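This briefing is meant to be read beside the sequence and the 3D view, and it groups its points by topic. Please keep both at hand while going through the salt bridges, the strands, the helix and the disulfide.

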Amino acid sequence: MAAKGRHSRFPSRKSSPSTLAFTILIMFTFLGLILLALGILSIPGSTSPDSPRAHDLSSIVHDTVDRSEEDDGEGDRWVEVISWEPRAFVYHNFLSKDECEYLINLGKPHMKKSTVVDSATGKSTDSRVRTSSGTFLNRGRDKIVQNIEKRIADFAFIPVEHGEGLQILHYEVGQKYEPHFDYFADEFNTKNGGQRIATVLMYLSDVEEGGETVFPAAKGNYSFVPWWNELSECGKGGLSLKPKRGDALLFWSMNPDGTLDPSSLHGGCPVIKGNKWSSTKWMRVNEYKV
């Protein structure tokens, strides 16, 4: 007796072209993810030498300007990031030559020995760590000062009312400001306006040699900045910026989460040749009443 042929109870299924294509796509996607994870494959443009990376300071553009007697100081305005720890930005040609000279002339007749804040008492005191001279201008003193303060507020996205009055500073040869924090360690100085959140430092003059603003605790390959060979020995002690008339340096003393940023430690290197004039605007978390 012949045996009956055996047949499956389930009919055979043929894969449709669309199903096969989808399966191949999934397989290649999975393979691509594995290659990306292993670093064998990269996304086009992700490793371009023109793409700045965190703490990679070699991508900073060095704008060298040969000043002449006819230079009016009205160069192109542009902003560049020089550090992410601390968060620091340079606004080139923030002030005009006339504005720089105006602020210097306002401060000259009133300069006095600069002081520092005593962290124990919160009061101002004389100190050898800061040897410059300086004076303060009332906030909103006149139309020119108001325009500058409005520009600062727009640059930092912090209201004018949160800013202290402008401070004008003068450093002669040998004068300096040792590394320090702009934020306060006492409660006395935070009663009005709260903690200092950010600083805008405006350079009112060029300096022939020395006088750099240095961040000793900055993260990054700061020896790769384009102006490294132009720095003094003090300037090579961290991420440094050479004074250039009209430029403004914005750096943050607090992190986005509201904590204090220790990498904002900064100082003013001794002037070796020439004179250094600058103006500082400290900004608070809350409104600073004057």
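In this predicted model, the side chains of E178 and K176 form a salt bridge in which the closest N and O atoms are 2.6 Å apart. Both partners count as partly exposed, E178 at 31% relative accessibility and K176 at 25%.

**Salt bridges**

- E164 and R284 meet through their side chains in a salt bridge, with a distance of 2.8 Å from N to O. This pair links distant parts of the chain, since E164 lies in the loop between α3 and β7 (167-171) whereas R284 belongs to strand β16, and the two are 120 residues apart.
- E164 counts as buried at 6% relative accessibility, and R284 is likewise buried, with a relative accessible area of 4%.
- R196 joins E164 and R284 in a network of salt bridges.
- R141 forms a salt bridge with D142, in which the closest N and O atoms are 3.7 Å apart. Here R141 is partly exposed, with a relative accessible area of 45%, while D142 counts as buried at 18% relative accessibility, the cut-off for buried being under 20%.

- Five of the five residues of β7 are buried, so the strand is largely enclosed by the rest of the structure.
- Q167, L169 and Y171 point one way from β7, whereas I168 and H170 point the other way, and each of these residues is buried.
- β6 (133-136) runs antiparallel to β7 and is joined to it by four bridges, with T135 standing opposite I168.
- β16 (276-284) also pairs with β7 in the antiparallel sense, over five bridges, and in this pairing I168 stands opposite S279.
- T280 has its place in strand β16 and is buried, with a relative accessible area of 6%.
- Leaving aside neighbours within four places in sequence, T280 is in contact with G165, L166, Q167, L169, T199, V200 and L201; of these contacts, Q167 and L169 are residues that point one way from β7.

- L137 lies in the loop between β6 and α3, and it is buried, with a relative accessible area of 5%.
- Once neighbours within four places in sequence are set aside, the contacts of L137 are L103, L106, V145, G165, L166 and I168.
- Although L137 and H110 are 27 residues apart in sequence, their C-alpha atoms are 9.9 Å apart in space.

**Helix α3**

- The buried residues in α3 are V145, I148, E149, R151, I152, A153, F155 and A156. An α-helix has 3.6 residues a turn, so residues three or four places apart point the same way.
- What covers these buried residues includes β1 (78-84), β2 (87-92), α2 (97-107), β9 (196-203), β13 (248-252) and β16.
- F157 follows α3, and its phi is positive, near 60°.

**Cysteines**

- The structure holds one disulfide, formed by C234 and C269, whose sulfur atoms are 2.1 Å apart.
- Which parts of the chain does the pair tie together? C234 lies in the loop between β11 (213-215) and β12 (239-241) and C269 in the loop between β14 (266-268) and β15 (271-273), so the pair ties together parts that are 35 residues apart in sequence.
- The link of C234 and C269 is left-handed, with -80° about the S-S bond.
- C100 counts as buried at 0% relative accessibility.

Terms used
Residues are numbered from 1 along each chain as its sequence is written. This is a predicted model: local features need pLDDT of at least 70, side-chain atom pairs count only at pLDDT 80 or more; totals for chains, interfaces and linings use all residues. Side-chain values use heavy atoms; hydrogens and water are left out. A disulfide is a pair of cysteine sulfur atoms within 2.5 Å. Buried means under 20% relative accessible area, exposed over 50%, partly exposed in between (1.4 Å probe, protein chains only). Contact means heavy atoms within 4.5 Å. A salt bridge is a side-chain nitrogen of Lys or Arg within 4 Å of a carboxyl oxygen of Asp or Glu. Two strands pair if DSSP finds at least two bridges between them.
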